[in-house]
Amino acid sequence: MSVADLPPLRETLTEHGLMAKKSFGQHFLLDLNVTRKIVRLGGIGEGDVVIEVGPGPGGLTRALLETGARVIAVEKDARFLPLLGELSDAADGRLDVVEADATTVDEAALLAARGLGPVAKIASNLPYNVGTPLLIKWLTGAFRPASMTLMFQKEVADRVAAEAGSDAYGRLGVISQAVCDARVVMDLPARAFTPPPKVASAVVQLVPLATPPAPALLSALEKVTAAAFGQRRKMLRSSLKSLGGAELCERAGIEPDARAETIDVDGFLRLAAAL
Ligand code: SAM
């Protein structure tokens, strides 16, 4: 049997007696037209190696496999392994399912163990409870994905892609955009998911910049943004006091009386470099 011949996702879930569990942040996409669109927007195709976090019933996994991509799917909920095993059997050796927690898994080791990598893309309808920590891991950790196509709660997606001066602009946006080009490429209403979450969702496409900051600069950026947005209503001379205050701002060519939300990503990188 090939992937195209598999029964519809809803039927597969019923056959395996599977229900969504809240503790695993499970909200499924059972419409393949939606998952195919996500994969298309992610620019994923034949020859790509993709790490998928949280395949669950496998809707996004099927769409990834349809493109000809090689997929390593990391799932924490062992209840889904038999179902995903069937999908793997239908995938001509292009799907490996790994039972693991994505927040601690070593992506480079997953690839190396299969003679793949180091280049791989990430695609995921993220479990909302760990979406932000996972993004920070991929932005600042040792494994740097070639691209990330990620479904978040709409509010988090807006923060990742927010511009300076907007209400959503903060630490997550600065760190994301210091490393990647980040865009919201698709909005999805809650009713697109089974069961529907309380809020709307959106897909963010992140592509690494040609020259991302070196690890030391990134770590300084994390310090500066934590202090600046920890007290976002205060002037930088005061919120950055423990890091050098007005003097640090002057070294970076930043107005010490400015507030964090008005400083663009480039300005924060200058502050980090001055630190
Ligand atoms: N990809 C499926 C879809 O679109 O229908 C499921 C998405 S659901 C929002 C999130 C999935 O991530 C679930 O399958 C859940 O069990 C899994 N998950 C939750 N926490 C995880 C973790 N720490 N590591 C790996 N998978 C996790």
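Predicted model: local features only at pLDDT ≥ 70, side-chain atom pairs only at ≥ 80, totals over all residues.
At Lys76 the backbone takes part: one of its polar atoms is 3.4 Å from a nitrogen atom of the ligand. A polar contact here is a pair of N or O atoms within 3.5 Å. Of the 590 Å² that the ligand exposes when taken alone, the protein buries 99% (Shrake-Rupley areas, 1.4 Å probe).

## The shell and the pocket

Around the ligand there are 20 residues (each with a heavy atom within 4 Å of it). Gln26, Leu29, Gly54, Glu75 and Asn125 are the closest. Sorted by class, the shell holds 9 nonpolar, 6 polar and 5 charged residues; Asp, Glu, Lys and Arg count as charged, and Gly is among the polar ones.

The largest pocket is where the ligand sits, that is, more than half of its atoms lie within 2 Å of the pocket's grid points. A pocket is an open set of points on a 1 Å grid over the protein atoms alone, with protein on both sides within 12 Å along at least five of seven lines.

## A look at Met151

Met151 belongs to strand S5, residues 148–153 (a strand is a DSSP E run of at least two residues, numbered from the N terminus). Its relative accessible area is 2%, so Met151 is buried (under 20%). Between Met151 and Ile175 the C-alpha distance is 18 Å, with 24 residues separating them in sequence.

## Notes on the model

Residues are numbered from 1 along each chain, and side-chain values use heavy atoms, without hydrogens or water. Local features need pLDDT of at least 70 and side-chain atom pairs 80 or more, while totals for chains, interfaces and linings use all residues.

Definitions and conventions:
Polar contact = N/O pair within 3.5 Å; in protein donor to acceptor, adjacent residues only side chain to side chain. 1 Å grid on protein atoms, 1.4 Å probe; cavity = no way out; pocket = protein on both sides within 12 Å on 5 of 7 lines; lining within 4 Å. Helix = DSSP H or I, 4+ residues; strand = E, 2+ residues; numbered from the N terminus. Buried < 20%, exposed > 50% of the residue type's maximum accessible area, 1.4 Å probe, protein only.
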